[in-house]
Amino acid sequence: MADHYEVLGVSRDASTDEIKKAYRRLARQLHPDVNPGADASEKFKSVTHAYDVLSDPKQRQKYDQGGGQNGGGFDGQNFGNFGDIFETFFGGGGGSTRGPRSRRERGQDALIRVELDLADVIFGTHRDLEVDTAILCETCKGSCCRPGTSPVTCDICRGTGSIQRAVRSLLGNVMTSSPCGSCRGFGTIIATPCTTCSGQGRVRARRTVPVDIPAGVDTGLRLQMPGSGEVGPAGGPNGDLYLEMKVRHHDVFSRDGDDLMCSLEVPMTSAVLGTTVTVKALDGDIEVELRPGVQSSEILTVKERGVTKLRGSGRGDLKIGVQVVTPTRLDHKERDLIEQFAARHSAPAPTLSHYQQGLFAKLRDRFLG
């Protein structure tokens, strides 16, 4: 039996965070959606079981004290149950049986990455996602048998799903129990399997999953859809479907929480005289008034024109950073007019001022970065 610490690749004194990080790293590598191989599936189950034990303080303590694969040690309660001791050493239950195992199992979870435009997250959007998954076999309805037939009782284990044997030990003859090799522990045999699903009770197919994506989602957020994953073997319950969001980069607008930010280039003359500008926002045009003498790095805030909040009510704001554009090419007449203006307007010589890292600079750094 593999050591849980070795399975996760951590030391025995690893912290809870280290165990969690190791599990997440291995799960990403071994998850059936990423690595469909049979070996990877078994390793994924082993890694998940090891994490279940070591992430629980009580189970980890029992495991460290010498407990079995389930994390339980030989405390007073377990020691009083000789059936558990026999099962630990001999694989049996001291002569007792647990009954046949069910063919029905829960289906695996599925992960789908959904790409959205920035405009989609303002009010939310609807998507019909195409999912390649396992669905219930319509021919046998999950029974795994050809229509008109049913499973037959295994004549080796007589429907118990296990075989009992007498084993000589230091304690004398001990009855042990192991899964029946003929029916694999199910207690029944599919004598005439369904030809559509080959006796699995499910088939691979492509189905459409309608999804209403709420407003305010951001990159990295995962939405859980219980029961929308693949159906389990023999028509077992569906797993869950997880949707991981990714919001595409926008060339004009940037997002800061629930606020939207953009940069507005204003000609020098408009900045001096003032004007009204129509800004084409993601959800419609906005009339923005620029006061005479507006300066570069000023921020104009338009209330309730940002992203709808994921939790709570209302929307964020639209913040517009002003950037005054100075002309670089002037003809003689334009230059004369500027010189006349300079002569009439006695301005102080350029001088250094206190450095300020304002919001506009952050906007600029965000765009250029």
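**Notes on charges, cysteines and backbone in this model**

1. Arg 25 is found in helix α2, which spans residues 16-30. (Helices here are DSSP runs of H or I with at least four residues, strands are runs of E with at least two, and both are numbered from the N terminus.) At 38% relative accessibility, Arg 25 counts as partly exposed. The cut-offs: buried is under 20% relative accessible area, exposed is over 50%, and partly exposed is in between, with a 1.4 Å probe and protein chains only. The areas themselves come from the Shrake-Rupley method with a 1.4 Å probe, and for residues only the protein chains shown count as cover.

2. Before going on, the ground rules. This is a predicted model, so local features need pLDDT of at least 70 and side-chain atom pairs count only at pLDDT 80 or more, while totals for chains, interfaces and linings use all residues. Residues are numbered from 1 along each chain as its sequence is written, and side-chain values use heavy atoms, with hydrogens and water left out.

3. Back to Arg 25: together with Lys 20, Arg 24 and Arg 28, Arg 25 forms a positive surface patch. A patch takes residues with over 30% relative accessible area and no salt bridge, joining like charges within 9 Å and nonpolar side chains (Val, Leu, Ile, Met, Phe, Trp, Tyr) within 5 Å. Lys and Arg count as positive, Asp and Glu as negative, and His and the chain ends are not counted. Each charge is placed at NZ of Lys, CZ of Arg, CG of Asp or CD of Glu.

4. How many disulfides does the structure hold? There are 0, taking a disulfide as a pair of cysteine sulfur atoms within 2.5 Å. For Cys 145, the closest cysteine sulfur belongs to Cys 144 and is 6.5 Å away, which is too far for a bond. Cys 194 is in no disulfide either; the nearest cysteine sulfur, that of Cys 197, is 3.8 Å away. As for burial, Cys 145 counts as buried at 1% relative accessibility, and Cys 194 is also buried at 1%.

5. On to salt bridges, of which the structure holds 22. The criterion is a side-chain nitrogen of Lys or Arg within 4 Å of a carboxyl oxygen of Asp or Glu. In one of them, the side chains of Arg 60 and Asp 64 meet with an N to O distance of 4.0 Å. Both residues lie in helix α4 (residues 57-64), 4 residues apart, or about one turn of the helix. Arg 60 is buried, at 13% relative accessible area, whereas Asp 64 is partly exposed at 38%.

6. Arg 305 pairs with Asp 283 in another salt bridge, with 3.1 Å between the closest N and O atoms. This pair links distant parts of the chain: Arg 305 sits in the loop between β14 (299-302) and β15 (318-325), Asp 283 sits in the loop between β12 (275-281) and β13 (284-290), and they are 22 residues apart. Asp 283 is partly exposed, at 25% relative accessibility.

7. Glu 339 and Arg 335 also form a salt bridge, their closest N and O atoms being 3.5 Å apart. They are 4 residues apart in helix α9 (residues 332-344), so about one helical turn separates them. Glu 339 is partly exposed with a relative accessible area of 43%, and Arg 335 is partly exposed with 49%. As for networks, salt bridges that share partners join Asp 3, Arg 12, Arg 60 and Asp 64 into one.

8. Which residues have a positive phi without being a glycine? Lys 141 is one of them, with phi of about 60°; this residue lies in the loop between β2 (125-136) and β3 (152-153) and is exposed, at 54%. Arg 158 also has a positive phi of about 60° and is not a glycine. Arg 158 is found in the loop between β3 and β4 (162-169) and counts as exposed at 71% relative accessibility.

9. Finally, two C-alpha distances. Arg 248, in the loop between β9 (241-247) and β10 (254-256), is partly exposed at 38%. Glu 287, found in strand β13, is exposed at 55% relative accessible area. The C-alpha atoms of Glu 287 and Val 302 are separated by 9.7 Å, the residues being 15 apart along the chain.
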